[in-house]
Amino acid sequence: MAQVEVEEIIEQNKHLATLVDARREFLFRNINDFEDSHIDQLLALSMVWANNVFLGCRYSPDLLERMKEMAEGIVVEDAPVFKTRDEIMKNQKR
């Protein structure tokens, strides 16, 4: 794939580029904390983190706390904001 095509794809899909860059930063920040035989665990945690930040997926409090610690200092600009079902229902009752 030519460099021009790659740049065009990135330009057309900036939200995906942001996700990839953020996940890459998460991986590089934490890679030294995992032995080679456990890199698959780091990859899974990075996907869980990205799913939480970009898709609003919810996970157990313990896992969310671990991800928060691992992602400390990573800034994601224009990350979507998600409301829980309870928040939506509460606003509808007003």
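Helices (H or I, at least four residues) and strands (E, at least two) are DSSP runs, numbered from the N terminus. The model is predicted: local features need pLDDT of at least 70, side-chain atom pairs count only at pLDDT 80 or more, and totals for chains, interfaces and linings use all residues. Residues are numbered from 1 along each chain as its sequence is written, and side-chain values use heavy atoms, with hydrogens and water left out.

Two packed helices are described by the angle between their axes and the distance between the axes. Here axes are lines fitted to C-alpha atoms, for helices over the stretch in contact, and angles run from 0 to 180 degrees between N-to-C directions. Helix α2 covers residues 14-30 and helix α3 residues 39-55; they pack at about 140°, and their axes are 10 Å apart. The pair is therefore oblique, given that angles under 35 degrees count as roughly parallel, over 145 as roughly antiparallel, 65 to 115 as roughly perpendicular and the rest as oblique.

Contact means heavy atoms within 4.5 Å. On the α2 side, the contact with α3 includes L19, A22 and F26, and on the α3 side it includes L42, W49 and F54. By class, this contact has eleven nonpolar, three polar and one charged residues. In this classing, Ala, Val, Leu, Ile, Met, Phe, Trp, Tyr, Cys and Pro are nonpolar, Asp, Glu, Lys and Arg are charged, and the others, Gly among them, are polar.

Helix α3 also packs against helix α4 (residues 61-70), at an angle of about 95° and with the axes 10 Å apart. That makes α3 roughly perpendicular to α4. Q41, L42, L45, V48, W49 and N52 in α3 meet L63, L64, R66, M67 and M70 in α4. This contact divides into eight nonpolar, two polar and one charged residues.

The pockets come next. On a 1 Å grid over the protein atoms alone, a pocket is an open set of points where a 1.4 Å probe fits, with protein on both sides within 12 Å along at least five of seven lines; lining residues have an atom within 4 Å of a point. Grid points are joined across faces, edges and corners, and a volume is the space filled by probe spheres set on the points.

The largest pocket has a volume of about 220 Å³. Its lining includes K14, H15, F54 and P80. Helix α2 gives the most to this lining, with five residues. The second largest pocket holds about 180 Å³, and N52, Y59 and F82 are among its lining residues.
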